[in-house]
Protein chains: 2
Amino acid sequence: MLDKGKYKVKNNIQLADFNTKEVVEKADKKLKKIRKKLSKIQDTMYAEGKYSMLICLQGMDTSGKDSLIREVFKDVNARGVEVHSFKVPTELELKHDFLWRHYIALPAKGKIGVFNRTHYENVLVTRVHPEYVFGENLPTINTLEDINDDFFHNRMDRINAFEKHIVDSGTIVLKFFLNLSKEEQKSRLLRRLNLPAKNWKFSAGDLKERKLWDKYQFCYQDLLNRTSTENAPWFVIPADDKPTARFILADIVLEELEKYNFKEPSLPAKIQGQVAEFKKQLNNE
Amino acid sequence: MLDKGKYKVKNNIQLADFNTKEVVEKADKKLKKIRKKLSKIQDTMYAEGKYSMLICLQGMDTSGKDSLIREVFKDVNARGVEVHSFKVPTELELKHDFLWRHYIALPAKGKIGVFNRTHYENVLVTRVHPEYVFGENLPTINTLEDINDDFFHNRMDRINAFEKHIVDSGTIVLKFFLNLSKEEQKSRLLRRLNLPAKNWKFSAGDLKERKLWDKYQFCYQDLLNRTSTENAPWFVIPADDKPTARFILADIVLEELEKYNFKEPSLPAKIQGQVAEFKKQLNNE
């Protein structure tokens, strides 16, 4: 049994205390088993239609978010999973508050929604590049000095309130930071450049952002500490070994879903009493 | 090699001429192979990001639409598939034109969208039950006499125009009618009533609609003849044997995708010239 407590963000963590290099043996094989269970439990969750689940995925470039989504949800009925990849906001999206585009993408009851990059980019990439905030045309923001720690902490409070609201409405929220080491990112970027089939994924921006590594780590640490709540916790997942990251994440998701004891709905009482009659009707056609 | 031409709707078909009972041997095993290929080709389609695909699924109750979606798209990355199940329109949806809710659910470039029940319900369930049209509050509809064949044929013309527009914009459109026999529906309904794990799917409405079987068949035949076009064809899939239906549909989808010769995008020329420089930067860090 995997000790999952150690990945969960309680209070006042130091990101540097979390391992990036953990390797779980036979993680691929273990993932396969979990996948089957995920598929089953998702079917019941869908049939019951009371809860939804939101999985938030964050991580530096090349941390393996895309392939993790592919592998973890392989066996789940496509009907029950929705993946939303959030990129640079469009003009339309910038004309709304920073949560709007995420709000309208929330999973419906019965479904699992996966956000590949999330609303947390609003306290992350914009904190590393505060000038991006000008694009939002906010009434109270005039100079770079206005986009300070208070500004981002206020956003985190609003994110917490937003998540509390959706949790209270029946959404199960789990948030994962794929914790990659700087060395491993280097070798993955080099591989992207070297492999023709991979190199379309490379962008010159990747190297620019890599130079801001420490600033990103600082911002991640701050947001993890301020937005990991009992109802919408963050988990820091060692991401240098891809099969390990996928397995740990899937295991946490499964364990959470199992708490809910989903049940297929039963036939409404009114109809229940008519079952014999319905069968007769069909048989006497 | 499967002769798929016979499932395609050309002009003036009689629905009764199409087989419901066809059984393809080892369909399960054949589907597995196709699934792997679908997964690969979808990855490339996604990376290329030029085309999207819309798969429309129609069929009588119990024709196996849900489980077909589960089985056919099992190996495709969840990121690349979106399933939309359209039920009775909501109040908000009724306040828009009949294509609106389908329009906003269209797949983005690179993705496969599956409509589980589709915009065709607007010339099907509403044709069987014309009084439903009153819910749309249309300016020119006052009496039941207004909701006549012309009314539905006009809708079909508009559907054809809508589909032409999305095809011209890069959406590959395939439409499937899961052709179930009346006897097979009977035994599936009885199974739903008999199996506790299945019976939540039963609704008394299923029996009412079954009584209108012939009317549905007539409406299907008419819409198939009027809306199967070269660019957005209908296929009539024998659906009494579920593995056979899944295999045939998957095979048609794969064959269509293979025509497009999707390619991973290459690195923009500007960046291509800098690859050596980028590698040096990383290696000299």
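B:T62 is buried, with a relative accessible area of 9%; buried means under 20% relative accessible area, exposed over 50%, and partly exposed in between, with a 1.4 Å probe and protein chains only. The model is predicted, so local features need pLDDT of at least 70 and side-chain atom pairs count only at pLDDT 80 or more, whereas totals for chains, interfaces and linings use all residues. Residues are numbered from 1 along each chain as its sequence is written, chains are lettered from A and ligands numbered from 1 in the order in which they are written, and side-chain values use heavy atoms, with hydrogens and water left out.

To return to B:T62, this residue lies in the loop between β1 (52-59) and α2 (65-72) of chain B. Helices (H or I, at least four residues) and strands (E, at least two) are DSSP runs, numbered from the N terminus. The phi of B:T62 is near 70°, a positive value in a residue other than glycine. Most residues other than glycine have a negative phi.

Which other residue has a positive phi, near 55°? That residue is B:N261, again not a glycine. B:N261 sits in the loop between α10 (242-258) and α11 (269-272) of chain B. B:N261 is exposed, at 51% relative accessible area.

I turn now to chain A and its tryptophan A:W200. A:W200 belongs to the loop between α7 (182-194) and α8 (204-211) of chain A, and is partly exposed, with a relative accessible area of 27%. What does A:W200 touch, leaving aside residues up to four places away in sequence? Its partners are B:A47, B:E264, B:P265 and B:L267, where contact means heavy atoms within 4.5 Å. As for A:E264 in chain A, 64 residues separate it from A:W200 in sequence, and the two are 44 Å apart in space, C-alpha to C-alpha.

A further feature of chain A concerns its lysines. A:K26 is found in the segment before α1 (27-48) of chain A, and counts as exposed at 60% relative accessibility.

Finally, the chain as a whole. Chain A has 12 helices and five strands, and its C-alpha trace spans about 75 × 50 × 40 Å along the principal axes. Of its 285 residues, 53% count as buried. Among contacts in chain A between residues at least 6 apart in sequence, 80% join residues at least 24 apart.
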